[in-house]
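Trainee: I have a structure on my screen and would like to learn how to read it feature by feature. Could you walk me through it?

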Amino acid sequence: MNWIRSFTKRIRNDQEKQNESLTAEDESAIKELEKRLDYEFRNKSLLLRAITHPSIGEDKRGTDDNQRLEFLGDSILGAILAERLFQLYPDDNEGILTQGKSVLARGDYLARLAKRLGIHKAIRMSKSEIRDKGNERNSTLEDAMEAVVAAVYLDGGMRVTRKTVLNWSGDMEKTLAS
């Protein structure tokens, strides 16, 4: 567990070091997204990084993208979903629980969730990606959703992240039944 704390601390330090000054446009986008997420970040640069697509390097050299956060968010999201399904379905076996988690953690569900939360409106990307509507691609939205989960985790901890993610997800039983 110690390496996880060390890894998390290193990510937080990376974020603080690169805590770029936000433009008025960035601040406005972040404020709107925070409202839709129903979560206010203490460290705004975490959210800014979470919504920064790798293509941004084409236009703004040296800008960190959301890929490291996506990596962390994928695991955190998986743990939260697994725990919730474990609680919701106490009599189901591992196979059934795994199928349920697979439905909730796959790209199209996460992309729909990202759109519902308006993440697609805030994604920062290169001009060519914007022109090609890259912010509406399922893969882009899934990545951004996972990165936002990680940003919430790094900013507020696991308890806050669990509550926030479950709030976004709504009625899981209804989602799984459809």
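**Reading the structure together**

Trainee: Let me begin with one side chain: is Y39 buried or exposed?

Mentor: Y39 is buried, because its relative accessibility is 11% and the cut-off for buried is under 20%. Keep in mind as we go that this is a predicted model.

Trainee: How many aromatic pairs are there?

Mentor: Rings are paired when their centres lie within 6.5 Å. By that rule there is 1 aromatic pair. It joins Y39 and F41: the ring centres are 4.8 Å apart and the planes meet at 85°, so this is an edge-to-face pair. The label follows because planes over 60 degrees apart count as edge-to-face. F41 is buried as well, at 2% relative accessibility.

Trainee: Let me step back to the whole chain. How many helices and strands are there?

Mentor: The protein chain has 11 helices and 0 strands. Read along the sequence, the pattern is α-α-α-α-α-α-α-α-α-α-α. Of the 178 residues in the chain, 46% are buried. Sequence separation is worth a look too: among contacts with a separation of 6 or more, 69% are between residues 24 or more positions apart.

Trainee: Now for the charges. How many salt bridges does the structure hold?

Mentor: Here is the general idea: side chains of opposite charge can pair when their charged atoms come close. In this structure there are 7 salt bridges. One of them links E32 and K35, whose closest N and O atoms are 3.5 Å apart. That falls inside the cut-off, because a salt bridge needs the nitrogen within 4 Å of the oxygen.

Trainee: Where do E32 and K35 lie?

Mentor: Both are in helix α2, residues 24–37, and they are 3 residues apart, about one turn of the helix. As for accessibility, E32 is partly exposed at 37%, while K35 counts as exposed at 58%.

Trainee: Which residues form salt bridges with D108?

Mentor: D108 meets R106 at 2.7 Å, N to O, and it also forms a salt bridge with R112, where the closest N and O atoms are 3.9 Å apart. D108 and R112 share helix α6, residues 107–116, and lie 4 residues apart, about one turn of the helix. D108 is partly exposed, with a relative accessible area of 32%, and R106 counts as partly exposed at 40%.

Trainee: Which residues are linked in a network of salt bridges?

Mentor: E34, E40 and K44 are linked in one. K44 is in helix α3, residues 44–50, and counts as partly exposed at 25% relative accessibility. Leaving out residues up to four places away in sequence, K44 touches L22, I30 and E34.

Trainee: Helix packing is next on my list. At what angle do the axes of α6 and α9 cross?

Mentor: To read a helix pair, look at the distance between the axes and then at the angle. The axes of α6 and α9 (residues 138–156) come within 8 Å and cross at roughly 75°. The two helices are therefore roughly perpendicular to each other. From α6, the contact uses G107, D108, L110, A111, L113, A114 and K115; from α9, it uses N138, L141, E142, M145 and E146. By class, this contact has 6 nonpolar, 2 polar and 4 charged residues.

Terms used: Residues are numbered from 1 along each chain as its sequence is written. This is a predicted model: local features need pLDDT of at least 70, side-chain atom pairs count only at pLDDT 80 or more; totals for chains, interfaces and linings use all residues. Side-chain values use heavy atoms; hydrogens and water are left out. Rings of Phe, Tyr and Trp (its six-membered ring) pair if their centres lie within 6.5 Å; planes under 30 degrees apart count as stacked, over 60 as edge-to-face and the rest as tilted. Buried means under 20% relative accessible area, exposed over 50%, partly exposed in between (1.4 Å probe, protein chains only). A salt bridge is a side-chain nitrogen of Lys or Arg within 4 Å of a carboxyl oxygen of Asp or Glu. Axes are lines fitted to C-alpha atoms, for helices over the stretch in contact, and angles run from 0 to 180 degrees between N-to-C directions. Angles under 35 degrees count as roughly parallel, over 145 as roughly antiparallel, 65 to 115 as roughly perpendicular and the rest as oblique. Contact means heavy atoms within 4.5 Å. Ala, Val, Leu, Ile, Met, Phe, Trp, Tyr, Cys and Pro count as nonpolar, Asp, Glu, Lys and Arg as charged, and the others, Gly among them, as polar.
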